[in-house]
Each structure stands twice: as C-alpha cells, then as structure tokens.
Number of protein chains: 2
Amino acid sequence: MQISSRFTIAVHILVCIETLKDSSKVTSDILASSVNTNPVVIRRLLQQLKSAGIIGVVRGSGGAYIDKPLDEISLFDIYSAVECVDNGGLFHFHENPNPECPIGKNIHSILDERLNTIQTAMETEMKAVTVQDIMNDADKLIKLT
Amino acid sequence: MQISSRFTIAVHILVCIETLKDSSKVTSDILASSVNTNPVVIRRLLQQLKSAGIIGVVRGSGGAYIDKPLDEISLFDIYSAVECVDNGGLFHFHENPNPECPIGKNIHSILDERLNTIQTAMETEMKAVTVQDIMNDADKLIKLT
DNA sequence: GGTAGCTGTAACACAAAGAGTTACAACCAT
DNA sequence: ATGGTTGTAACTCTTTGTGTTACAGCTACC
C-alpha cells in the first residue's frame, strides 16, 4: 500500500507557503486551490504540521508561515508529522499468530531486525532531504516553465 | 500508512513451507493455522507467490513447495509479488493539482526524483535480504526457544 | 463595537482497500 | 468413486483516506 497523499500534499503546502510568503497572506483557501482540494483538508494538515513545530498558523486574521529554517525541516519530519503510524512500524504484522507453532510463536523476533533495517534505510534517505533542497529543485524547474 | 500484513504473512508462509517440507504436506490449512487466519487468505497469497514464480502449488492432492533456491528469493521479490502497487510508486500524489499554479503544475517533477531516491533505498535494502537469510535467523531463534 | 474573513474542529458521507467467511466447482491420488 | 485439496467468486465487515457542510471562536480593521 502507498504512503498517503497527505505526505506529498504537506510538502506541496510548504513549498507554496515559502513561495508565496512575500506576495500574499497564505490562507487555507489559497493552498487548497493550488493542491485542488478542500480547505478543511488543508487546515487539518496545517494543524499536524503545526503540532510538529514546523509551521505556525495565525488564528483570526489568517495565514500560515514556516516556523523553522528550511534546511532544518527534513522530509522525515514532514512524514512523521502527517503519517500517523501509531506504533512507528512501517510493516504490519498479522495479529495473534499461532503460539503452538514454532514459526508463529517467533515470527516477530525472526523478522523484526531485518524489517527495521529496511525501514531505517528509508528514513535515513528521508532525513537527508530538506525543504531547502526541495525549494532549490522547485526554483530551477519553475524557471524553466 | 503501513505496508499490509500480506507481506509479513507471505514471509511467514515461506519459512513455514521450508521448515515443514520434509515432515508433512504443506496445505493452506496448515499454513492458515500457523498464521492464525483463514485458509482462503493463504490460498490467495499462495497464488500471488506462484504467479511471481516463487513457489508451486499442487492442485488436487495439495501442498505448496518453494520453486527457487532460497538465496535467490529476496524480500523485494516477495514484496513485489503480494503488494499490488499499480504504478510502482510508493508515494501517492493528490490528483489534478491546479495547473494555474506554478507549484501545482510542477509538483510532480519537483518531487519525483527525490521520492524515487527514497523508494530505491528501501528497495535496495529489501533486495539485500533473502529467504535464506531469514531461515538462518529463524533456525537460530527457534533453537533458543 | 460591529463586521468581514479566517481558523479550528466536529460531524457526517463516501469510496477504496484489507481481511475474513461461505460456498462450490475442478482436480488428483488412492 | 471418494476424500481431501486447490482456485476462485461473492459477499460482508472494518478501517482509513478524503471530501464536504456547518459553525463557533478569533483577529484586524473600518
């Protein structure tokens, strides 16, 4: 199964906020229009990013702003903020394998270390990319079009 | 979102087939009992593993067997066999971002390369682990208990 | 101090996917 | 032929993601 679009939308939002910050107040309506979704979906995401300390949102008058140096926000920070993986595990085990079976009883301990290595590899790559990197990519690409 | 339990169940199944191969015919009932799920769930998985050329299943008289050297079956092979990621992408994008917005129009090209790097890192780790490795881990752990 | 615009959040609807279950035809070895 | 098994359709249920409406609460500004 895929990682939900919340993650890519969250990155999209951050790029938008950074790009538009000098020209206009960045409201959930504006962001929703760029992503092409409902403003409430955006507000929910903004709340998650805010809880993670990545952005701030202004009540009343409105607008979102980035609350951290761009090169200190990694894709992993964003992923963690919006992807609610309760137990932190990327891989899902079937519950209650048969304790009478030597494999069933031990399946978790057999696989945990290997799976953890895989998950860590992915997270390490995510930590290596910052919003600053994405902004640089974006600036280049937008200039071309 | 998590990778579905089909993946860990599939590995579980393979370990079971290999472990039990000399002592009994390995039917979907036996496997279902070890995993603690319904035999039909197992049969569906067996079909996917069979389509991937990893195992064979005997019609009529019953039983599943591994159809490849254990060290030539990687976790990625299993993952690909059972996780139906249609487009091959681990990350899900929101459909139809606003083409009027420079970010919306380019979000795919902005992110694709970075996301691909992350996905590749994960897949590379998955390719590095084979069922033979898992069997070695399993043998060690089962001896301990 | 009222008003317009925005956020925060609850409540509901809907679709898709994962997972379980029943049922049964097809198959094969004995 | 029969018993045990696979292959698969059809249905249900639950969970999650996503979209939508509605509205209270807040802030700036006239």
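DNA strand D is surrounded by 27 residues, where "near" puts the C-beta atom, placed from the backbone, within 6 Å of the strand. The closest are Ser5(A), Val40(A), Gly60(A), Ser61(A) and Gly62(B). This is a predicted model: local features need pLDDT of at least 70, side-chain atom pairs count only at pLDDT 80 or more, and totals for chains, interfaces and linings use all residues. Residues are numbered from 1 along each chain as its sequence is written, while chains are lettered from A and ligands numbered from 1 in the order in which they are written.

**The surface near DNA strand D**

- Chain A contributes α1 and α3 (39-51), and chain B contributes α2 (28-35) and α3 (39-51), as the elements with two or more residues there.
- Helices here are DSSP runs (H or I, at least four residues), numbered from the N terminus.
- With five residues, α3(B) gives the most to this surface.
- By class, the surface has seven nonpolar, 14 polar and six charged residues.
- Ala, Val, Leu, Ile, Met, Phe, Trp, Tyr, Cys and Pro count as nonpolar, Asp, Glu, Lys and Arg as charged, and the others, Gly among them, as polar.

**Chain A against chain B**

- A 180 degrees rotation, with 0.0 Å of shift along its axis, superposes chain A on chain B at an RMSD of 0.0 Å.
- Met122(A) has the C-alpha nearest the axis in chain A, 2.5 Å from it.
- The same surface serves both copies, since 100% of the contact residues of chain A recur in chain B.

**Helices α1(A) and α4(A)**

- Helix α1 (residues 5-20) and helix α4 (residues 75-82) of chain A pack at about 125 degrees, with axes 9 Å apart.
- The two helices are therefore oblique to each other (under 35 degrees is roughly parallel, over 145 roughly antiparallel, 65 to 115 roughly perpendicular, the rest oblique).
- Arg6(A), Phe7(A), Ala10(A) and Val11(A) of α1(A) meet Ile78(A), Tyr79(A), Ala81(A) and Val82(A) of α4(A).
- This contact has seven nonpolar, no polar and one charged residues.

How values were computed:
Axes are lines fitted to C-alpha atoms, for helices over the stretch in contact, and angles run from 0 to 180 degrees between N-to-C directions. Two residues are in contact if their C-beta atoms, placed from the backbone, lie within 7 Å. Copies are superposed by least squares on the C-alpha atoms of residues with pLDDT of at least 70 in both.
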